[in-house]
Amino acid sequence: MRRRISTNSVSVRESARGGFSLIELLVAIVIIAILMALILPAIAGARSRAQVAQVTSDITQLDNAIAKFKSVYNVEPPSSLYIPPVGDASKWPAADRSKVRAIWPQFNFDTNGGLANGTKDLHLNGAECLVFFLGGVEQFSSDGTPMVIGFSKDPRSPWQTAGTNREGPFFEFANERFTDLDGDKLLEYIDALPGQTTPYLYLSSQGRNYLRKNDTGKLDDYDVFGGANNDKDLKFVYLKTSEPPQAHRANGYQIISPGRDGLYGAGGVFKDSETLKNDANRQAEVDNITNFSGGQLAP
Ligand SMILES: [Ca+2]
Ligand SMILES: [Ca+2]
Ligand SMILES: [Ca+2]
């Protein structure tokens with residue numbers, strides 16, 4: 001008796017296993033496909049939000065590092081600097097001399113503060129200033145890995161590389177995220193977005209205001225204070241939709257991640273400028289992540 005029951009139950013199970021029809025399988029596959037179509041965008045969206053959050057947190061830490069720099073040197077880092085070849089102090093432009101002097105009043109211009117740039121002159125743009133002033137002098141290990149080592153505490157020669165008594169680095173840079181777009185061995189720093197190649201942009205108003213206006217009063221005639229690169233930088237300063245134009249963080253600084261498209265855009269909303277108004281650039285910058293928007297400009 002027991003034996004027969006057992007045989008029957010095996011045969012019932014076998015018949016259930018073999019019972020899926022082709023149609024049932026197809027229905028199951030369609031249901032799975034529909035679920036995937038619903039879930040995958042949600043996963044991609046969550047991943048994208050996490051990546052933006054990581055860049056936002058990076059920018060917050062850069063903000064903190066600038067505050068630390070300011071607590072030591074009393075000023076925020078400039079966002080452009082020209083360093084002439086070593087040995088001719090007269091080649092220091094007055095504007096750049098005063099930027100350096102604001103940080104190191106005893107700086108020795110005859111030796112370029114100990115920086116061994118020889119006959120080479122150096123142009124630091126905003127992206128390079130962010131790394132240089134928060135990281136300090138750059139060094140390359142024997143395998144070519146770039147790193148930053150802070151500044152010497154010697155007030156006359158803060159840019160010398162020898163010795164261990166140092167100030168900074170003020171920010172913990174990840175060595176693998178350095179880049180050098182213009183090939184001058186002055187480093188720039190890229191955000192953590194996958195495939196990113198365009199560095200963080202840093203724009204400083206140097207405690208005044210980005211914008212000044214000449215006697216014609218048109219927006220084209222606004223300019224950014226200080227330094228030779230500023231005509232180029234002007235198109236990146238991000239403005240509010242106000243009239244007359246007013247920059248975000250008007251007397252502070254702007255940090256800008258170019259977002260996934262690697263483009264900064266032209267910066268802000270221009271209302272009455274013929275040369276700077278460019279709606280294509282407006283679209284290109286909505287994915288940017290900044291220190292004045294609390295994340296993406298347009299999520
Ligand atoms: Ca450069
Ligand atoms: Ca460079
Ligand atoms: Ca962009």
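Visitor: Which residues touch the most other members of the largest nonpolar core?

Guide: In this predicted model, they are Leu130, Val131, Leu134, Tyr200 and Tyr202, out of 39 residues in that core. At least two residues each come from helix H2 (22-73), strand S1 (81-83), helix H4 (126-135), strand S9 (201-204) and strand S10 (253-257).

Visitor: Why is this core said to lie between domain 1 and domain 2?

Guide: Domain 1 (74-189) and domain 2 (191-299) both give residues to the core, so the core lies between them.

Visitor: What makes Ala65 and Leu134 a contact?

Guide: Two residues are in contact if their C-beta atoms lie within 7 Å. Leu134 is in contact with Ala65, and also with Ile66, Phe69, Pro77, Pro169, Phe170 and Phe171, leaving aside neighbours within four places in sequence.

Visitor: Why are S9 and S10 called paired strands?

Guide: Pairing takes at least two bridges. Four bridges join S9 to S10, so the two strands pair, and they run antiparallel. Tyr202 stands opposite Ile255 in S10.

Visitor: What of S10 and S11?

Guide: Two bridges join S10 to strand S11 (residues 289-290), and the cut-off is at least two, so these strands pair as well. Ser257 has Ile289 in S11 as its bridge partner.

Visitor: Why are S9 and S12 placed at the edges of the sheet?

Guide: The open sheet has the order S9-S10-S11-S12. S9 and strand S12 (295-296) each have a single partner strand, so one side of each is without a neighbour in the sheet.

Visitor: How do you know that both faces of S9 are covered?

Guide: Leu201 and Leu203 on one side are buried, as are Tyr202 and Ser204 on the other.

Methods. Residues are numbered from 1 along each chain as its sequence is written. Chains are lettered from A and ligands numbered from 1 in the order in which they are written. This is a predicted model: local features need pLDDT of at least 70, side-chain atom pairs count only at pLDDT 80 or more; totals for chains, interfaces and linings use all residues. A nonpolar core is a set of buried Ala, Val, Leu, Ile, Met, Phe, Trp, Tyr and Cys residues joined through C-beta atoms within 7 Å. A residue is buried if 20 or more other C-beta atoms lie within 10 Å of its own, exposed if 12 or fewer, and partly exposed in between; C-beta atoms are placed from the backbone. Domain bounds come from an automatic or database domain assignment.
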